[in-house]
Amino acid sequence: MSDSATQLEWVPKASEIAREAGGRLREFLAQGVETEYKGDVDLVTVADRTVEKLIRTRIGEAWPDHGIYGEEGTREGMERVFRWYVDPLDGTTNFAHGVPHFCVSMGLEQRIIRSGATDEDGKLVAGVIYDPMRDELFCAEAGRGAFLNGKKLRVSPIPDLAESLVATGFPSRKRHDNPNIHFYHEFTLRSHGVRRAGSAALDLAYVASGRFQAFWEFNLNPWDTAAGILLLEEAGGKVTDFSGGPFRLDSREVLASNGLIHDELVGLFTEMFAGRSPSPIPTPREYAARRLARAGG
């Protein structure tokens with residue numbers, strides 16, 4: 001890591017843990033993946049459970065006073081001041097089909113323990129997302145910046161949705177009941193494109209690193225978002241619910257962006273939720289005029 005990244009408090013050890021976990025995922029992928037279902041269509045593999053156990057053990061060795069909230073069922077020390085949100089394999093469906101796009105995600109929350117406020121959000125203080133197939137380690141600590149393999153991250157400077165590449169996701173189950181297909185259609189028409197890559201944590205990391213300009217999704221869980229939200233904020237981005245209100249770890253709506261196109265995105269959601277047709281899509285000539293005006297022409 002760079003000199004600035006090596007001064008981080010939690011990230012160095014968490015990065016070691018994430019890299020070890022990612023190495024195990026690579027081994028499992030090479031061996032072939034045995035899958036089962038934890039719902040009607042939600043996949044889980046032996047890799048998910050094995051790697052969550054590994055991460056739980058390593059966190060316990062490094063920080064025995066920290067709690068852990070894991071996707072595959074770990075609930076330890078939930079009442080403690082520090083609590084890790086762990087997704088040992090974000091992108092399980094990709095992994096199960098041999099698609100090399102998945103990651104390990106670990107986010108650390110520091111909570112204020114007050115009587116009657118046990119479920120109150122604390123402050124996200126550290127996050128690590130590791131893509132073992134590309135050997136890309138995204139990390140951040142509160143007030144200290146966000147990094148990719150030691151290089152400081154910054155969100156994209158693109159100021160218009162029309163020139164943006166955005167990302168979203170769909171649930172494995174009850175997809176027919178999910179309203180996201182309507183938003184997917186509108187955003188596809190109004191942007192450079194919408195990507196649905198299958199890992200919310202990596203989508204958030206890609207917004208933080210400027211590869212995507214925005215990401216939205218319904219019904220994510222804290223282990224999906226904790227690390228990525230901190231990465232995004234430390235890289236200069238913005239995250240809210242779809243109305244532009246404050247994001248909470250238990251929010252069922254996540255709207256993340258480079259900040260510059262956030263109001264435009266919120267406006268579209270507002271119109272669509274109200275049952276109104278969004279404004280007409282600008283013509284290519286109107287797009288060109290906007291770019292010229294921004295350039296001072």
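Visitor: Which residue takes a positive phi in the hairpin of S3 and S4?

Guide: In that hairpin, which has four residues between its strands, Gly73 takes a positive phi near 110°. This is a predicted model, in which local features need pLDDT of at least 70, side-chain atom pairs count only at pLDDT 80 or more, and totals for chains, interfaces and linings use all residues. Residues are numbered from 1 along each chain as its sequence is written, and side-chain values use heavy atoms, with hydrogens and water left out.

Visitor: What makes S3 and S4 paired strands?

Guide: Two strands pair if DSSP finds at least two bridges between them, strands being DSSP E runs of at least two residues, numbered from the N terminus. Two bridges join S3 to strand S4 (residues 75-76), and the two run antiparallel; in S4, Glu76 is the bridge partner of Ile68. The two bridges therefore meet the requirement of at least two.

Visitor: How many bridges join S3 and S5, and in which sense do they pair?

Guide: Strand S3 (residues 67-70) pairs with strand S5 (residues 82-90) in the parallel sense over four bridges, and Val86 in S5 is the bridge partner of Gly70.

Visitor: Why is the set of 34 residues called a nonpolar core?

Guide: The term is used because a nonpolar core is a set of buried (under 20% relative accessible area, 1.4 Å probe, protein chains only) Ala, Val, Leu, Ile, Met, Phe, Trp, Tyr and Cys residues joined through side-chain atoms within 4.5 Å. The largest such core has 34 residues, and Ile129, Phe138, Leu153, Phe215 and Leu231 have the most contacts inside it. Its largest share, eight residues, comes from H6.

Terms used:
Buried means under 20% relative accessible area, exposed over 50%, partly exposed in between (1.4 Å probe, protein chains only).
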